[in-house]
2 protein chains.
Amino acid sequence: MMGAMGRWQGGASERLRDAALGLFLTQGYDGTTVAEIAAAADLTERTFFRHFADKREVLFVDGDEFERVFLGGLPDQADDPMTLIVGALDGAAGLFPEERRPWSRARQSVIAANHALQERELLKMSSLAVALTRALTARGVDAASAALAAETGVTVFRTSFALWVAEGERRTFKEIQNAVLARLQALLA
Amino acid sequence: MMGAMGRWQGGASERLRDAALGLFLTQGYDGTTVAEIAAAADLTERTFFRHFADKREVLFVDGDEFERVFLGGLPDQADDPMTLIVGALDGAAGLFPEERRPWSRARQSVIAANHALQERELLKMSSLAVALTRALTARGVDAASAALAAETGVTVFRTSFALWVAEGERRTFKEIQNAVLARLQALLA
């Protein structure tokens, strides 16, 4: 796993993220200090705080980019709301190439072990649903359909992500997401 | 609105809830103290804390009952996961009779104005999705379908609730929920 994560090493930010994730995995999130993260990355605490507001943000630093990628995938217009959402999902799949899977898997296991981190992740997903709802209403979709389509898109994304990081999973993110969407359509048919 | 909320008056718990909601609406949630709530209900702070752990729980006191009603509506078995979820949704609709609408509408406007309360509401919905997912896997549904169906059920519920408390809405909760489910099916068809 470290080999794969090593691909992210380079700048100070990436070194700090790798060091933090390694420590979170071995000694727990709550049991890790910023001082230890900085020391493990051979950097100062001051450098840490130039890159991250706090320890938690090491795991959530891409929040803005995360939403931007979903919104960037949204077509300018489409005949129906779900076509818009599928565009957003396809765009987001690009955030999760194979070389990122070990990092995402490790991050997920840290988050799954910590209630406060789960809440933070939940808020991130809720914020994404709000942003997608707004983008759909801006494209003329009525409020209730926009909220339904956006929340459904987030559900498909979350389910796909959980499958993608599962041990032994080999399918690409996009393959999984297409399968999950098809399964949901079958469930509702 | 106060006339309708008055139907909930009776026991100390109901008096405290009505007093609290009235104060939250007129002077804001953050600007209201437990002492003021108790005084407005003509009761002591000590009585307040016999009924509620804190000020916030006035708005969330039915959390356990809330989940129980969803789970109570779940059939013991069904041919497909969404039939199970529709059973849960139908059960939950019983929580929202016409005489509760003014209270729910007022509660919603208090929550919409406060970020921390919105987070609490979000956690309540997430907890519901987890409970429904578990109940579905216990009935033999595979993990991914269970999560998809449960999250979709919560999305339908949340969307329906938002419509039900909207100003001027006259349809019953169940009518709205059926319409929302049909709309979601159409979106995914």
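Colleague: How many residues does the contact take from chain A and from chain B?

Modeller: The contact takes 25 residues from chain A and 25 residues from chain B. Keep in mind that this is a predicted model.

Colleague: What rotation superposes chain A on chain B?

Modeller: A rotation of 180°, with 0.0 Å of shift along its axis, and the RMSD is 0.0 Å. That is the relation of a two-fold axis. The same surface serves both copies, as 100% of the contact residues of chain A recur in chain B.

Colleague: What area is buried between chain A and chain B?

Modeller: About 2,400 Å², and carbon and sulfur atoms give 71% of that.

Colleague: Which residues in chain A lose the most area to chain B?

Modeller: Leu148(A), Leu187(A) and Leu188(A). Together they make up 30% of what that side buries.

Colleague: OK, charges now. How many salt bridges are found across the interface of chain A and chain B?

Modeller: The rule finds 4 salt bridges there. One of them joins the side chains of Glu151(A) and Arg158(B), at 3.6 Å from N to O. Across the interface there are also 6 residue pairs in polar contact.

Colleague: Which helices of chain A each supply at least two residues of the side that touches chain B?

Modeller: Helix H6 (81-93), helix H8 (115-138), helix H9 (143-164) and helix H10 (173-188). The largest share, 10 residues, comes from H9(A).

Colleague: And by class, what does that side of chain A have?

Modeller: The side of chain A that touches chain B has 13 nonpolar, 6 polar and 6 charged residues.

Colleague: Change of topic. How many aromatic pairs does the structure hold?

Modeller: Over all chains, 28. Take Phe66(A) and Phe157(A): their ring centres are 5.6 Å apart and their planes are at 65°, so the pair is edge-to-face.

Colleague: Where in the chain are Phe66(A) and Phe157(A)?

Modeller: Phe66(A) is in helix H5 (residues 63-73) of chain A, while Phe157(A) is in helix H9 of chain A. The two are 91 residues apart, and the pair links distant parts of the chain.

Methods
Residues numbered from 1 in each chain as written. Chains lettered and ligands numbered in written order. Predicted model: local features only at pLDDT ≥ 70, side-chain atom pairs only at ≥ 80, totals over all residues. Heavy atoms only, no water. Least-squares fit on C-alpha atoms with pLDDT ≥ 70 in both. Contact = heavy atoms within 4.5 Å. Buried area = accessible area lost by both parts, 1.4 Å probe. Polar contact = N/O pair within 3.5 Å; in protein donor to acceptor, adjacent residues only side chain to side chain. Helix = DSSP H or I, 4+ residues; strand = E, 2+ residues; numbered from the N terminus. Nonpolar A, V, L, I, M, F, W, Y, C, P; charged D, E, K, R; others polar. Phe/Tyr/Trp six-rings, centres within 6.5 Å; stacked < 30°, edge-to-face > 60°.
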